[in-house]
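User: Please take a close look at one part of this model, the interface between its two chains. How many salt bridges does the rule find across the interface of chain B and chain A?

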2 protein chains.
Amino acid sequence: MLHALLDGRALTAGELARVAGVAAPTASGHLAKMEETGLIAVVAQGRHRYFRLSGPAVARMLEAIMEVASSAPPGPRKLSVGPKEKALRHARTCYDHLAGTLGVGLADALTAAGHVELTEEAGILTEGGCAFLAAIGLNVEALKARRAARSGRILCRPCLDWSERRFHLAGALGAELCTHSLQAGWIRRLPGSRAVLVTRAGERVFREEFGLRGMVEETGVAAL
Amino acid sequence: MLHALLDGRALTAGELARVAGVAAPTASGHLAKMEETGLIAVVAQGRHRYFRLSGPAVARMLEAIMEVASSAPPGPRKLSVGPKEKALRHARTCYDHLAGTLGVGLADALTAAGHVELTEEAGILTEGGCAFLAAIGLNVEALKARRAARSGRILCRPCLDWSERRFHLAGALGAELCTHSLQAGWIRRLPGSRAVLVTRAGERVFREEFGLRGMVEETGVAAL
DNA sequence: GCGATGTTTCGGCATGGACCGAAGCATCGC
DNA sequence: GCGATGCTTCGGTCCATGCCGAAACATCGC
């Protein structure tokens with residue numbers, strides 16, 4: 001259930017029961033405990049109750065757990081779920097930023113262009129990167145509150161991708177990139193999933209501005 | 001047990017059984033499972049078997065879990081352990097770097113002097129900071145392999161301190177600072193604990209070089 | 001109002017896992 | 001060699017937890 005909430009959206013108790021593959025009473029019990037201990041927050045809306053992660057700290061914890069879990073020796077258990085897996089690996093949200101092939105690709109492209117400098121431990125958005133992102137519409141000003149004191153540089157957090165085993169952009173910068181991509185219609189959420197779809201407009205932007213290729217998935221994109 | 005291993009040292013099965021408050025067979029069973037799943041690594045030495053965390057990813061996961069756990073609502077359960085608590089809050093190792101009042105104080109001092117710039121998401125060691133740390137003996141060269149590509153700046157990772165609720169220095173920089181402080185005799189490990197003691201020499205360095213005050217604890221320091 | 005839908009509470013079952021004592025190995029000191 | 005120490009395996013007990021079905025409660029659409 002927590003994994004399902006990792007995309008930052010709020011899901012109803014029933015949806016969470018379904019994704020977890022348990023009956024409603026079971027899910028309800030777990031959700032009550034997780035809310036009581038502060039892992040998740042709930043907001044009632046009509047006859048639905050929407051649950052979401054209580055904050056970024058919980059998301060970071062889950063990411064850290066998944067990092068360890070995904071690098072564990074290939075035990076007898078397989079978590080692969082088949083058909084949905086492909087879309088998830090290609091592009092998905094990771095709490096508040098983008099992951100998967102798309103997320104890693106964007107991070108690589110920004111790095112190659114000198115817009116972002118990323119190490120295992122931290123990252124910097126360069127001045128050129130500021131200008132580039134502002135030019136394509138990101139609200140860079142909102143990020144500046146978090147910049148390092150003297151150098152004036154905007155720092156960002158790397159996040160290890162469990163499917164690609166590579167680092168992508170998280171933190172405020174990653175969140176803004178994801179938010180803007182959604183608002184600008186470059187990507188679109190697949191209903192009931194963490195996966196996102198790259199639209200035609202997005203494909204053009206990611207190709208022309210970022211230099212990314214092959215970001216459009218075959219299935220379903222024609223409808224967009 | 002994992003918490004006990006979080007200071008980066010390797011402990012024997014018996015020691016881990018003791019800190020966990022369980023019988024040897026119980027500890028042995030848990031340790032076997034944790035080793036099988038890759039959480040910990042073991043090295044046999046004579047009739048002892050030394051267990052340690054298998055890598056930084058596990059430490060990051062535990063830190064992330066502790067961050068969430070420490071900010072949980074003050075439930076009925078209390079984890080406070082009393083006498084040892086004070087020394088732990090004052091200065092301790094956190095996998096491979098320093099935490100507690102000392103760790104946070106060093107991070108604050110370096111920030112105030114403009115040697116380090118730290119945000120919630122990431123940090124930078126400035127050029128002045130490089131020079132400063134090199135002057136007091138740190139192996140800054142070893143860090144340079146991890147610097148950001150173009151700006152030449154060394155990045156570091158912030159780590160939320162569960163006792164101070166503030167950020168301190170982790171990552172390669174934090175590890176080097178901790179290692180050097182131990183080698184130079186500025187701090188000393190308290191046997192069988194994550195807590196460290198600030199020596200007279202360390203107190204002088206932390207006061208004169210970093211501008212920290214009150215880093216010597218009353219108890220026990222006279223013996224040094 | 002009334003049935004339909006979403007959610008929680010209650011009761012009870014069953015599995016799993018946490019634990020320990022006793023015994024079996026391995027290694028150390030001598 | 002032999003006893004002492006450290007660790008693991010084995011066997012068995014016991015409690016906690018996960019789970020579900022039935023029923024209660026709340027809200028919606030009408």
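Analyst: The rule finds 2 salt bridges across the interface of chain B and chain A, a salt bridge being a side-chain nitrogen of Lys or Arg within 4 Å of a carboxyl oxygen of Asp or Glu. A salt bridge joins the side chains of Arg60(A) and Glu67(B), with 3.1 Å from N to O. This is a predicted model, in which local features need pLDDT of at least 70 and side-chain atom pairs count only at pLDDT 80 or more, while totals for chains, interfaces and linings use all residues. Residues are numbered from 1 along each chain as its sequence is written, chains are lettered from A and ligands numbered from 1 in the order in which they are written, and side-chain values use heavy atoms, without hydrogens and water.

Between chain B and chain A, 4 residue pairs are in polar contact, both residues at pLDDT 80 or more (N or O atoms within 3.5 Å; within protein, one must be able to donate a hydrogen and the other to accept it, and residues adjacent in sequence count only if both atoms are side-chain atoms). On the side of chain B that touches chain A, at least two residues each come from α4 (56-70), β7 (123-125), β8 (154-160) and α9 (171-183); helices (H or I, at least four residues) and strands (E, at least two) are DSSP runs, numbered from the N terminus. The largest share, 8 residues, belongs to α4(B).

In contact terms (heavy atoms within 4.5 Å), 36 residues of chain B meet 36 residues of chain A. The two chains bury about 2,700 Å² between them, 59% of it on carbon and sulfur atoms; buried area is the accessible area (1.4 Å probe) that two parts lose on being put together, summed over both. Glu117(B), Glu121(B) and Leu155(B) supply 23% of the area that chain B buries against chain A, more than any other three residues.
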